[in-house]
Amino acid sequence: MEFREQDFKYVMQNFSNVYIGARCTYEEAAEHMDMPGRLKTAIYRMVYGGEITREETIASHLLRLGKKDMGYLFYSQLKLQIKVLFLEKVTDKKGAKKEAAREKIYSIEQFVEDEQLKLQAQNEKVVVQEVFFKKLYLAGLSV
């Protein structure tokens, strides 16, 4: 399954949630017009604190995240949810093999603890598609 460069590069909001495409770099996400100001401040603090770079994608940062990192604490305050796309080879009723996609949503805690998922992502069998969280948790974020 092929993805274009702009797939999964977006920031969207609705009444209660914020959705961010995981292929966005932190700079692209922070400069997007729909990005909440409190979240921009938190991202800039992580950039200037040296944990991330402006050019790093959200997906690559999540894949190297550990429980002791500042980013993990930041994302757990937001109760971040991560949508992951699994690419699998399946056989249909006629015996033809096709590539199929299956989605699963992980909490930040589940994602960081799942080493098998990180290995599959390095082998490109898994795509981190988007991250999302409730605006209510953003209001409680201490920046």
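Residues were classed as nonpolar (Ala, Val, Leu, Ile, Met, Phe, Trp, Tyr, Cys and Pro), charged (Asp, Glu, Lys and Arg) or polar (the others, Gly among them). The structure is a predicted model, in which local features need pLDDT of at least 70 and side-chain atom pairs count only at pLDDT 80 or more, while totals for chains, interfaces and linings use all residues. Residues are numbered from 1 along each chain as its sequence is written, and side-chain values use heavy atoms, with hydrogens and water left out.

One cavity of 30 Å³ or more was found (a cavity being a set of points, on a 1 Å grid over the protein atoms alone, where a 1.4 Å probe fits but cannot get out; grid points are joined across faces, edges and corners, and a volume is the space filled by probe spheres set on the points). The largest cavity has a volume of about 70 Å³. It is lined by 13 residues (those with an atom within 4 Å of a point), of which Ile20, Leu39, Phe74, Tyr75 and Val131 are the closest to its centre. This lining consists of 13 nonpolar residues, with no polar and no charged ones. Helices H1 (26-31), H2 (37-48) and H4 (70-78) and strand S5 (126-134) each supply at least two lining residues (helices, H or I, at least four residues, and strands, E, at least two, are DSSP runs numbered from the N terminus). H4 gives the largest share, three residues.

The second largest pocket (a pocket being an open set with protein on both sides within 12 Å along at least five of seven lines) has a volume of about 220 Å³. Among its 13 lining residues, Ala42, Arg45, Met46, Met70 and Phe74 are the closest to the centre. The lining comprises seven nonpolar, four polar and two charged residues.
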